[in-house]
Amino acid sequence: MAHTLLDGLYYSNAYRLLERKYQGVGVILTLHHVVKASDASPFDINRLLEITPEFLEQTIQHVIALGYDIVSLDEMRHRLVNQQFNRKFICFTLDDGYIDNYQNAFPIFKKYNIPFTIYVTTGITDGTAILWWRCIEKIILQENQIAIEMNGKEECFEIKSLPQKREIFNKLYWHLRNMPLKPQHAVVLALMKKYQLSSEELCLNYAMSWDMLKELAQSPLVTIGTHTVNHLALAKLPVEDVKKEAALCRDKLSQRLHVDANHFCYPYGDVSSADNREFKIIEELGFKTATTTRKQVIYAEHSSHLHALPRIPLNGHYQQQRYVRLLLSGVPTGLWQSAKQHVQLIKRRN
Ligand SMILES: [Zn+2]
């Protein structure tokens with residue numbers, strides 16, 4: 001459905017009429033994994049976090065052709081604070097610190113001499129974070145049935161065929177994602193034990209090593225940003241733990257890589273994971289900027305919301321340049337925001 005709507009906007013050229021109103025002053029792009037198409041996850045929710053190196057390269061060529069300045073987060077902040085908007089900007093940001101960023105994305109950014117940011121979750125690099133969404137992926141792919149504790153009782157699902165595996169992955173993903181953190185971890189750790197998976201091994205499989213990060217940190221193209229120690233939904237934590245998650249990650253990056261990792265990114269970044277309380281804490285900790293996964297281009301007004309900056313994802317399900325063009329226009333996300341506000345207004349009136 002979303003594809004149909006976007007295609008309608010694109011092929012009717014309607015986005016061009018609306019672009020002037022919605023395009024804003026720049027865009028921060030979100031990426032996670034950059035992997036070959038043959039290595040993509042069979043599960044939709046994980047695959048949306050994966051784009052191919054070819055798509056990344058085409059996107060870079062596309063934004064250069066459109067006349068954007070590709071800038072670092074420091075430069076973006078400078079332009080916002082000083083309201084310098086004579087040229088539109090784009091920032092590339094990659095979340096979590098995955099090994100494929102080093103192997104597949106770094107060479108492309110080097111080839112075009114383009115600045116980019118890696119938001120590092122130090123627990124992933126250290127192998128201590130729990131990548132629960134990859135854990136259930138691995139178990140579901142390798143087993144024919146899965147038994148998991150759900151709402152206090154053990155449920156067993158048959159997962160022989162790929163459609164069954166996909167259905168159960170979705171079910172378990174949202175079940176776990178919506179759980180409070182402690183029981184979520186207990187369920188995932190019990191699963192790992194049962195199916196003989198090592199959390200550390202799984203994590204290190206996906207992680208960039210400290211040596212790779214060191215090499216990146218020494219490149220003038222790279223900004224190293226803070227993405228917490230354990231990649232937890234901060235809104236579910238007490239204030240003190242939110243502070244620790246951010247500050248300890250920044251301290252470790254400073255110690256290991258000799259950088260000031262003073263740009264922050266909220267894990268998950270949606271409304272249920274980071275909101276006003278978290279924005280305030282991160283600002284008070286002295287971070288220069290912070291990004292969410294709220295989907296929007298950057299407007300001049302964001303200069304007064306530097307700790308709640310929206311981004312536009314490069315989504316694995318939309319790897320065509322017409323979608324990049326549309327999303328950069330700000331029209332789909334702008335229309336969506338206007339529609340939401342309209343509905344809220346009507347609700348308030350009634
Ligand atoms: Zn993340």
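Is His231 buried or exposed? His231 is buried, with a relative accessible area of 8%. The model discussed here is a predicted one.

## The zinc site

His231 belongs to a metal site. The zinc ion is coordinated by Asp96 through OD, and by His227 and His231 through NE2. These distances run from 2.1 to 2.2 Å. Along the sequence, the donor residues follow the spacing D-x130-H-x3-H.

His227 has a relative accessible area of 1%. That value is under 20%, so His227 counts as buried. His231, at 8%, is buried because it also falls under 20%.

Thr30 sits in strand 1, which covers residues 26-31. Its relative accessible area is 6%, and Thr30 is buried.

Which residues does Thr30 touch, leaving aside neighbours within four places in sequence? They are Thr93, Asp95, Arg311, Ile312, Pro313 and Leu314. With Arg311 there is a polar contact: the two side chains are joined at 3.3 Å. Ser303 lies 273 residues from Thr30 along the chain. The C-alpha atoms of Thr30 and Ser303 are separated by 19 Å.

Strand 7 spans residues 145-150, and strand 8 spans residues 153-158. The two strands pair in the antiparallel sense, over six bridges.

## An enclosed helix

Helix 15 runs from residue 321 to residue 329. Eight of its nine residues are buried, so the helix is largely enclosed by the rest of the structure. The buried residues are Gln321, Tyr323, Val324, Arg325, Leu326, Leu327, Leu328 and Ser329.

What follows helix 15? Just after it comes Gly330, with a positive phi of about 75 degrees.

## The largest pocket

How many residues line the largest pocket? The lining holds 29 residues. Lys295, Gln296, Thr333, Trp336 and Gln337 lie nearest the centre of the pocket. The volume of the largest pocket is about 1000 Å³.

Several elements each supply at least two residues of the lining. They are helix 1 (2-11), helix 14 (276-284), strand 11 (289-295), strand 12 (309-313) and helix 16 (331-349). Helix 16 gives the most, with seven residues.

Methods:
Residues numbered from 1 in each chain as written. Predicted model: local features only at pLDDT ≥ 70, side-chain atom pairs only at ≥ 80, totals over all residues. Heavy atoms only, no water. Donors = N, O, S within 2.8 Å, 3.2 Å for Na, K, Ca; no water. Buried < 20%, exposed > 50% of the residue type's maximum accessible area, 1.4 Å probe, protein only. Pairing = 2+ DSSP bridges. Helix = DSSP H or I, 4+ residues; strand = E, 2+ residues; numbered from the N terminus. Contact = heavy atoms within 4.5 Å. Polar contact = N/O pair within 3.5 Å; in protein donor to acceptor, adjacent residues only side chain to side chain. 1 Å grid on protein atoms, 1.4 Å probe; cavity = no way out; pocket = protein on both sides within 12 Å on 5 of 7 lines; lining within 4 Å. Points joined across faces, edges and corners; volume = space filled by probe spheres on them.
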